[in-house]
Amino acid sequence: MATMPDPPPRLSLSGVTKVYPSVVANDGIDLDVLPGEIHAVLGENGAGKSTLMKIIYGVVRPDAGTIRWNGKLVAIGNPARARRLGIGMVFQHFSLFETLTVAENIVLALDAAGEGDLPARIREVSTRYGLPLDPDRHVHTMSVGERQRVEIVRCLLQDPRLLIMDEPTSVLTPQAVEKLFETLRTLAGEGCSILYISHKLDEIRALCHRATVLRAGRVTGTCDPRHESATSLARMMIGGDLPLPEHRPAQAKGDGALVVKNLSLPADDPFGTALHQVNLSVRAGEIVGIAGVSGNGQRELLAALSGERTIDDAAAIAIDGRPAGNLDAAERRALGLGFVPEERLGRGAVPEMSLAENALLTAHRQGLARRGFVRFGAARDFALATIADYRVKAGGADAAARSLSGGNLQKFIVGRELRQRPRVLVAAQPTWGVDVGAAAQIRQALINLRDAGVAVLVISEELDELFEICDRLAVIAQGRLSEPRRAADTNAGEIGLLMSGSFIAGGAHSERHFSPAGALGLD
Amino acid sequence: MRIALVPRPEPSRLAGALSPLVAVVATLLIGFALFTALGKDPWQAFHVFFVKPVDSRYGVGELLQKAAPLMLCAIGLAAGYRANVWNIGAEGQLTMGAIAGGGVALAFHDSASPLLLPAMVVAGAAGGMAWAAIPAFLRTRFNANEILVSLMLVYIATFTLSLLVHGPWRDPEGFNFPQSKMFEPVALLPNLLPETRLNVGFLVALAAVAAGWVFMSKSLVGFQMRVAGLAPAAANYAGISARRTIWLGMLIGGACAGIAGIGEAAGPVGQLLPSISPGYGFAAIIVAFVGRLHPLGILLASLLMSLLYLGGESAQMGLALPSAVTGLFQGTLLFFLLAADVFINYRLRIARAPARGK
């Protein structure tokens, strides 16, 4: 016996198993996380990453196996218990109350309700870690990226000893990712362990000290990602090589299948972003991308394009040459518009309904309904074909949408929209939270759609993705859209500069613009 | 010690289907305790309450006859409830249906036309729809809460009926009683079963349930209303109009309740009285939920609720219990149903250790 034994792992799992009726989510998982270690858990959608994290956080109970915390055997019966141990988790699907403010949401989740001035502590922590937040802002007015900040700050306020991050960088700008990594490295330096779930191989190589790779519920390997290549990691993860998207030059033709002309739209709530004189034309057979930091008008532009918000000036938006500004979402679909929204559960799909019913949601014009009556057989066939084409992991056409993992539901929604053969497709964050294999598949599907002569507009906060698939790129900042430029003639640096609003006449500060960060003096 | 409700990750569907039965059994147990506490022999009381009302042909006729308005109102309400349109005012829409349909009967009192009865039913449905249109308009135009508006309109409808039968529509040969003339036989719903009061209104109610089933589970519009109820953002994304959903939800409920109202006036009542319904419109809310907003469930639940009405009357006569016993059973049933639903969706956890601490 050594007199000074190594400290035990912060967290040690042994033989953890969880069986669901249709699938073995975790099969004898062993995992050690050392104090101060940034440990990646890598795997495709449905590999069992989320289930494993839910077990550690006490949301799901394992059927077998043991969990040790600092060397002591523990049973983590619920999240409150996990938090008392010092485990914090940032979920992929956020658990925030939309009608409450940031501070109210944080108070609700704190077990030991705020000692001291909570808004001040929120400002302090969020500033220290470079995640600017206005504590008095209502969550429903925030973009996905901003909501994630709330989740992260909420965890950090509890001073965790182990922080679980479920795909945290999906919606951050390159600069914000770099900042987050600094945050995480600082935390790790202070002795906090971090479990980092992701499928972004470059990030894992840049950030993590160790990686555990899962495939189909089993551990297929543990490695030091700093000594691996993205290709070797991907091979461990999917058990094969990654397909690279083919990208021939665009054969764009015509005047523009989706045309936005002088679209100005006041913000529909005090924290929204007004759109100013947005002009855009997407021609048949090209992919146009819109980059930008979340909260700069993407939400408003998407709602105006999809018809979820109608515009009095019909000519402001034209689909396939026909004025559509005053049409609602269903009428625009009839003109050939397909739309992939950024929220999947609750907007792109009804959580409680089956995939067949969710196919019906937007695709009922494809013969899934006749004379006002639903053809359930046809809806099931449509759902099954979508599941097969996009290799969606689901328990069949009758599986509820909420039973799917985020990435699989996204594949289903993208597949459902593409299957309707739209003439114009608008996609928001099409690969958010989707693993590399599926993301490549979705991107390839978008490129194929383009090659089939469809006008595709992608609004994304992931620059790499935009550069990979887009023919032209524009940037949205403070509700204004930049002049698009050919993707081949620009680079991430230039786009990054545009994202800060440099293209706006008279500079970014010519007009008073509400920015929560600016208002707090955090810029 | 702290008591907490923890959401269940996967609420059991079987338990969801069985919870009305659990609620019925629990209600019976409470009834058992209640009768005992009142000094009645509980078994005899149960017999008087639940068996005696239906041990005759006439009794069965009454059971079906009272179930008809409940069924009608509940199926109409369920169509709205599934879409998150909370019409609480079926009682008022029922009353308005009786006023409109009864008004037609009184206006054409001398008519012998076979079209009179259909015209009364159409007028009844229109009356109920008109009354339901008020909360629908206020909701879609001014975002006024339809729960409050539809509920308040119940009292206006009731007093309007009272005003009419005390005033312009009072039977001149009615010894000054506040009641209208009796409807002529041509204006009454034909009898369905001899020696009972059961009339063709029951068939109308059954047809409404069948139509409700087709609408809710087979039609595209019914599907879209369900989407609007479950996920409003998804409905907006799919281009399902929220205004159309609210209007349809309210108007369907109003039409069904209006038909139930004229069914009462042209059925067992046979004229207009200050009060045309013993709270069918409110009881139908319970029926809709006990029936899980499903047409088949509503069919069964309306029979149960009808039995509670009959049992209450029987208990008044046979056991000298107050009429409040009917309302008590209705309330207990709803209470246990809601409680059962809480435990289907949540697990009770009693923490002995203090919740806070290091």
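Helices (H or I, at least four residues) and strands (E, at least two) are taken here as DSSP runs, numbered from the N terminus. The model is a predicted one, so local features need pLDDT of at least 70 and side-chain atom pairs count only at pLDDT 80 or more, while totals for chains, interfaces and linings use all residues. Residues are numbered from 1 along each chain as its sequence is written, and chains are lettered from A, with ligands numbered from 1, in the order in which they are written.

Val51(B) sits in helix α2 of chain B. With 13 other C-beta atoms within 10 Å, Val51(B) is partly exposed; on this scale 20 or more such neighbours make a residue buried, 12 or fewer make it exposed, and partly exposed lies in between, with C-beta atoms placed from the backbone. Leu72(B) lies 21 residues from Val51(B) in sequence and 25 Å from it in space, C-alpha to C-alpha.

Helix α2 (residues 42-51) of chain B packs on helix α12 (residues 295-319) of chain B, at an angle of about 130° and with the axes 7 Å apart. Axes are lines fitted to C-alpha atoms, for helices over the stretch in contact, and angles run from 0 to 180 degrees between N-to-C directions. The pair α2(B) and α12(B) is therefore oblique, given that under 35 degrees counts as roughly parallel, over 145 as roughly antiparallel, 65 to 115 as roughly perpendicular and the rest as oblique. From α2(B) come Ala45(B), Val48(B), Phe49(B) and Phe50(B), which meet Leu307(B), Gly311(B), Ser314(B), Ala315(B), Gly318(B) and Leu319(B) of α12(B); contact here puts C-beta atoms, placed from the backbone, within 7 Å. By class, this contact of α2(B) with α12(B) has seven nonpolar, three polar and no charged residues (Ala, Val, Leu, Ile, Met, Phe, Trp, Tyr, Cys and Pro count as nonpolar, Asp, Glu, Lys and Arg as charged, and the others, Gly among them, as polar).

Taken as a whole, chain B comes to 13 helices and two strands. Of its 358 residues, 49% count as buried. Among contacts in chain B between residues at least 6 apart in sequence, 79% join residues at least 24 apart.

As for where the two chains meet, the contact takes 28 residues from chain A and 17 residues from chain B. On the chain A side, the elements giving two or more residues are α10 (329-334), α11 (355-368) and β18 (373-374). The residues of that side divide into 13 nonpolar, eight polar and seven charged.
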